[in-house]
Number of protein chains: 2
Amino acid sequence: MPDDFQLDERLRADTVEVEDWDLSRVLLMNDANYPWLILVPRRAGLRDFHDLVGPDLLCLTAEIVRASNKLIALFPEGQKPHKMNVAALGNQVPQLHVHVIARFTDDPAWPKPVWGAAPARPYDTAALAERLKRLRGR
Amino acid sequence: MPDDFQLDERLRADTVEVEDWDLSRVLLMNDANYPWLILVPRRAGLRDFHDLVGPDLLCLTAEIVRASNKLIALFPEGQKPHKMNVAALGNQVPQLHVHVIARFTDDPAWPKPVWGAAPARPYDTAALAERLKRLRGR
């Protein structure tokens, strides 16, 4: 591992790389509207959640939980996200990827799903650097 | 198990019960626009995917795969779904539930997510009975 994994070009264009975990490449969606990670298992040819088998399936599941906890940890007590959204859709980008999104009741899409709700608002340089620093590592 | 699990009223109103698996109550969304199952872990007080721990987390993951395969098996070779959507959102209904949806490139929402895309089209009696029969059991 990785075999001949290559990150989809559209995912690459919309995100900033955080780091690689055991299975997944961890990406931060470059949209300051929502704290939003994307996990991409580094295996060639995966399309759907059920394409994963055995240890990889368990690993992705654990990494979804880890990503959720990473996003929740960005916020102090009393300002935690209201809900976490977890989704593997892939209608536009067929490469298997899992969205993990922290939702707040005052975010631009609430209570709807985030996709298509508001134009992406890229992070400024300082905010991006700060967020990446806090998302990296254990 | 179950402890004092109670199915959310809105989920009950929008769906038809298929059966109970080891962890989840399996519901069929009463919307013939999309082959669409909802898994609701039968534990009281769950909100988010990461609220599940240990064996329950593994069990739900396995049940997501099982639900995907059940939906795919409804269709003959050459007419299989184009993509499976898997999502735990819960912005409108906070009780943890996982959508497993078979998507086709000619469905009413494609390529967008299904939520809010088209009014639900309830199954007629015969189609519902046939679908439930094929979804139940191993």
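**One sheet, two chains**

Q: What makes strand 1 and strand 2 (residues 24-29) of chain A a pair?
A: Five bridges join strand 1 of chain A to strand 2 of chain A, and the two run antiparallel. Two strands pair if DSSP finds at least two bridges between them, so five is enough. A hairpin takes you from strand 1 to strand 2 of chain A through three residues.

A quick note before we go on. This is a predicted model, where local features need pLDDT of at least 70 and side-chain atom pairs count only at pLDDT 80 or more, while totals for chains, interfaces and linings use all residues. Residues are numbered from 1 along each chain as its sequence is written, chains are lettered from A and ligands numbered from 1 in the order written, and side-chain values use heavy atoms, leaving out hydrogens and water.

Q: How do you know that strand 4 of chain A pairs with strand 4 (residues 83-88) of chain B?
A: Check the bridges again: there are three, in the antiparallel sense. V86(A), for example, has A88(B) as its bridge partner. By the way, strands (E, at least two residues) and helices (H or I, at least four) are DSSP runs, numbered from the N terminus.

Q: Why is one side of strand 1 (15-20) left without a neighbour in chain A and in chain B?
A: The open sheet has 10 strands in the order 1(A)-2(A)-3(A)-5(A)-4(A)-4(B)-5(B)-3(B)-2(B)-1(B), with antiparallel pairing. Strand 1 of chain A and strand 1 of chain B stand at the edges with a single partner strand each, so one side of each has no neighbour in the sheet. From one strand to the next, the twist averages 20 degrees (axes are lines fitted to C-alpha atoms, for helices over the stretch in contact, and angles between N-to-C directions run from 0 to 180 degrees).

Q: What makes D48(B) and K83(A) a salt bridge?
A: The rule wants a side-chain nitrogen of Lys or Arg within 4 Å of a carboxyl oxygen of Asp or Glu. Here the closest N and O atoms are 3.0 Å apart, so the pair passes.

Q: How many residues of each chain are in contact across the interface?
A: 30 residues of chain A touch 30 residues of chain B, where contact means heavy atoms within 4.5 Å. Together the chains bury about 2,600 Å², 59% of it on carbon and sulfur atoms (buried area is the accessible area, with a 1.4 Å probe, that two parts lose on being put together, summed over both). H50(A), K83(A) and N91(A) supply 25% of what chain A buries against chain B, more than any other three residues.

Q: Why is the peptide bond from W110(A) to P111(A) called cis?
A: Its omega is near 0 degrees. Most peptide bonds are trans. P111(A) lies in the loop between strand 5 (98-103) and helix 3 (125-135) of chain A. Chain B also has a cis bond, from W110(B) to P111(B), with omega near 0 degrees. P111(B) lies in the loop between strand 5 and helix 3 (125-135) of chain B.
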